[in-house]
Amino acid sequence: MKYSNDKSAGRRVAEPVQVYLRPPERDRLERLTAKLDTTKSDVLRRGLEALEGQLSDPERHPVLGIIGMVSTAHAPGIDVARSHDEYLAAMEAASWSSRRRVRGGRGSE
């Protein structure tokens with residue numbers, strides 16, 4: 001059977017594509033294939049669809065996902081838009097005290 005890109009033929013034929021993957025990428029593809037219980041081709045197709053969605057739909061842009069995540073509960077009085085570094089430092093400091101409580105009140109190990 002000869003493959004054709006002619007869409008007027010009324011049927012769509014998959015086009016083979018060769019992709020060279022480095023070992024970490026190949027491992028990632030294997031993990032996703034197993035986790036999703038599907039084929040490597042399906043994982044790659046879904047990845048293309050997700051990437052296209054991120055690039056073409058501003059609502060799906062990863063950066064927009066952080067909107068609304070900022071809370072001044074850990075840093076009252078900080079204008080996060082102007083002082084984001086101060087906010088992040090306050091969040092980190094708050095995480096230190098919660099880690100000490102989890103470890104039983106001991107200092108750093």
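**Pockets, salt bridges and helices in a predicted model**

Helix α2 holds both D42 and R46, which are four residues apart, or about one turn of the helix; helices here are DSSP runs of H or I with at least four residues, numbered from the N terminus. This is a predicted model, in which local features need pLDDT of at least 70 and side-chain atom pairs count only at pLDDT 80 or more, while totals for chains, interfaces and linings use all residues. Residues are numbered from 1 along each chain as its sequence is written, and side-chain values use heavy atoms, with hydrogens and water left out.

**Confidence**

- The mean pLDDT of the protein is 75, and 62% of the residues score at least 70, where pLDDT is the predictor's confidence in each residue, from 0 to 100.

**Salt bridges**

- The whole structure contains three salt bridges, each defined by a side-chain nitrogen of Lys or Arg within 4 Å of a carboxyl oxygen of Asp or Glu.
- D42 is paired with R46, with the closest N and O atoms 3.5 Å apart; D42 counts as partly exposed at 22% relative accessibility, and R46 likewise counts as partly exposed at 41% (buried means under 20% relative accessible area, exposed over 50%, and partly exposed in between, with a 1.4 Å probe and protein chains only).
- E30 and K40 meet through their side chains in a salt bridge of 2.9 Å, N to O, and this pair links distant parts of the chain, E30 lying in helix α1 and K40 in helix α2, 10 residues apart.
- E30 is partly exposed with a relative accessible area of 38%, and K40 is partly exposed at 41%.
- E25 forms a salt bridge with R22, with 2.6 Å between the closest N and O atoms; R22 is exposed, at 56% relative accessible area, whereas E25 is partly exposed, at 24%.

**Helix α1**

- The 14 residues of α1 should span 20 Å at 1.5 Å a residue, which agrees with the 20 Å between its end C-alpha atoms; the expected span is 1.5 Å times one less than the number of residues.
- After α1 comes D37, whose phi is positive, near 50°.

**Pockets**

- The largest pocket holds about 430 Å³ of space; on a 1 Å grid over the protein atoms alone, a pocket is an open set of points where a 1.4 Å probe fits, with protein on both sides within 12 Å along at least five of seven lines, and lining residues have an atom within 4 Å of a point.
- Grid points are joined across faces, edges and corners, and a volume is the space filled by probe spheres set on the points.
- Residues lining the largest pocket include A14, P16, L29, K40 and L48, and helix α2 (residues 40-56) gives the most to this lining, with five residues.
- The lining of the largest pocket divides into seven nonpolar, one polar and three charged residues, where Ala, Val, Leu, Ile, Met, Phe, Trp, Tyr, Cys and Pro count as nonpolar, Asp, Glu, Lys and Arg as charged, and the others, Gly among them, as polar.
- The second largest pocket holds about 200 Å³ of space, and its lining includes E25, R28, L32, R46 and G47.
- For this second largest pocket, α1 (23-36) and α2 each supply at least two lining residues, and the largest share, five residues, comes from α1.
- By class, seven nonpolar, one polar and three charged residues make up the lining of the second largest pocket.
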